[in-house]
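Look at the sequence and the 3D structure below.

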Amino acid sequence: MHSRVRSLFVSDVHLGTPDCQAGHLLNLLNTTTARQLFLVGDIVDIKAMSSRAYWHPTHTRVLERLLGLANSGTRVVYVPGNHDEEARAFCGAEWRGIEIQRELDYVAVDGSRYRVRHGDELDELGQGKRWLESVGETLYGFSCRLNTWYNSARQRMDLTYSPWSVSMKRRLSKAMEYIQCFEERAMNEARGLLVDGYICGHIHFANIRCADGIAYLNDGDWVEHCTTICELEQGGFELWRCADHSERLATLPSHWWTDSPLSTAA
Ligand SMILES: [Mn+2]
């Protein structure tokens with residue numbers, strides 16, 4: 001099925017790492033026509049590649065597809081993140097039809113404005129970084145094997161057996177706390193910037209939510225969740241998961257601040 005949207009927001013692709021779900025992203029880019037494509041950071045993981053070289057032919061195909069889109073009339077804007085911050089040196093420039101920008105304000109069909117940033121900027125406003133590691137650990141690492149490994153390590157260190165799931169729950173609640181704080185910082189930033197909302201990625205936790213007249217839209221990632229935010233031609237945002245099959249996880253109707261029947265199925 002082919003979809004046509006006004007804008008597509010994609011971030012945290014992490015090309016150059018084995019976890020990158022390049023095939024699913026290619027599928028999205030091949031089945032969705034967007035007037036504008038916003039690449040909201042951590043597209044090529046230069047940071048990871050500098051410590052461990054990895055590349056796959058599908059990663060090349062993603063880059064080719066992006067260049068192809070920029071060449072055939074799609075407005076492509078690249079907002080570098082913290083894993084590809086080298087590209088921040090080129091903000092303000094254009095490269096093969098791709099606009100590189102540090103941040104921008106996105107104006108939706110209904111006239112509402114959103115600050116678009118990768119989101120690592122928000123870590124500096126709070127004590128995020130430590131918890132970010134813990135989010136990664138928590139969301140990726142769940143398995144029984146981990147429990148075995150964890151406890152044999154504990155044994156070697158003369159520590160008592162502790163079920164991984166207990167430690168897991170503790171970590172998970174801290175991860176959720178971090179996500180909650182991040183989302184609130186983003187909304188506070190938007191309020192301070194006098195815009196209606198914040199669009200970002202970075203924490204690999206897609207979400208659409210509204211509070212006190214401010215919207216928060218996080219497009220998630222392509223290393224695990226395969227999620228994207230889009231604005232429809234007629235207005236209104238949607239959060240999609242596009243893996244083996246596509247599903248709509250949440251929506252934000254246009255003019256959400258007047259009548260706000262926010263539906264979240266995530
Ligand atoms: Mn990031």
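Why does Glu103 count as partly exposed? The model is a predicted one, and in it Glu103 has a relative accessibility of 31%. Buried means under 20% and exposed means over 50%, so a value in between counts as partly exposed. Arg115, at 12% relative accessibility, therefore counts as buried.

These two residues are partners. Glu103 and Arg115 form a salt bridge in which the closest N and O atoms are 3.2 Å apart. Glu103 sits in the loop between β5 and β6 (104-107), while Arg115 belongs to strand β7, 12 residues apart, and the pair links distant parts of the chain.

By the rule used here, the count comes to 14 salt bridges. One of them joins the side chains of Asp120 and Arg88, at 2.9 Å from N to O. Asp120 lies in the loop between β7 and α4 and Arg88 in the loop between β3 and β4 (94-95), so this pair ties together parts that are 32 residues apart in sequence. Both Asp120 and Arg88 are buried. Another salt bridge is formed by Arg241 and Glu247, whose closest N and O atoms are 3.7 Å apart. Arg241 counts as partly exposed because its relative accessibility is 26%, and Glu247 is partly exposed with a relative accessible area of 33%. Elsewhere, salt bridges that share partners join Glu103, Asp105, Arg115, Arg117 and Glu189 into one network.

Next comes the metal. Asp42 (OD), Asn82 (OD1), His118 (NE2) and His202 (ND1) coordinate the manganese ion at 2.2 to 2.4 Å. The spacing of these donor residues in sequence is D-x39-N-x35-H-x83-H. His118 is in the loop between β7 (113-116) and α4 (129-140), and His202 is in the loop between β8 (197-200) and β9 (207-211), so the two histidines tie together parts that are 84 residues apart in sequence. Both His118 and His202 are buried.

The nonpolar cores remain. The largest nonpolar core has 31 residues, and those with the most contacts inside it are Leu8, Val10, Val13, Leu25, Leu28, Leu37 and Trp222. Elements giving two or more residues to this core include β1 (3-10), α1 (22-31), β2 (32-39) and α3 (57-71). Leaving aside neighbours within four places in sequence, the residues in contact with Leu8 include Leu28, Leu37, Phe38 and Ile229. A second, separate core has 22 residues, among them Phe9, Tyr106, Ala108 and Ile199.

Conventions:
Residues are numbered from 1 along each chain as its sequence is written. This is a predicted model: local features need pLDDT of at least 70, side-chain atom pairs count only at pLDDT 80 or more; totals for chains, interfaces and linings use all residues. Side-chain values use heavy atoms; hydrogens and water are left out. Donors are N, O and S atoms within 2.8 Å of the metal (3.2 Å for Na, K and Ca); water is not among the atoms, so sites may look incomplete. Helices (H or I, at least four residues) and strands (E, at least two) are DSSP runs, numbered from the N terminus. Buried means under 20% relative accessible area, exposed over 50%, partly exposed in between (1.4 Å probe, protein chains only). A nonpolar core is a set of buried Ala, Val, Leu, Ile, Met, Phe, Trp, Tyr and Cys residues joined through side-chain atoms within 4.5 Å. Contact means heavy atoms within 4.5 Å. A salt bridge is a side-chain nitrogen of Lys or Arg within 4 Å of a carboxyl oxygen of Asp or Glu.
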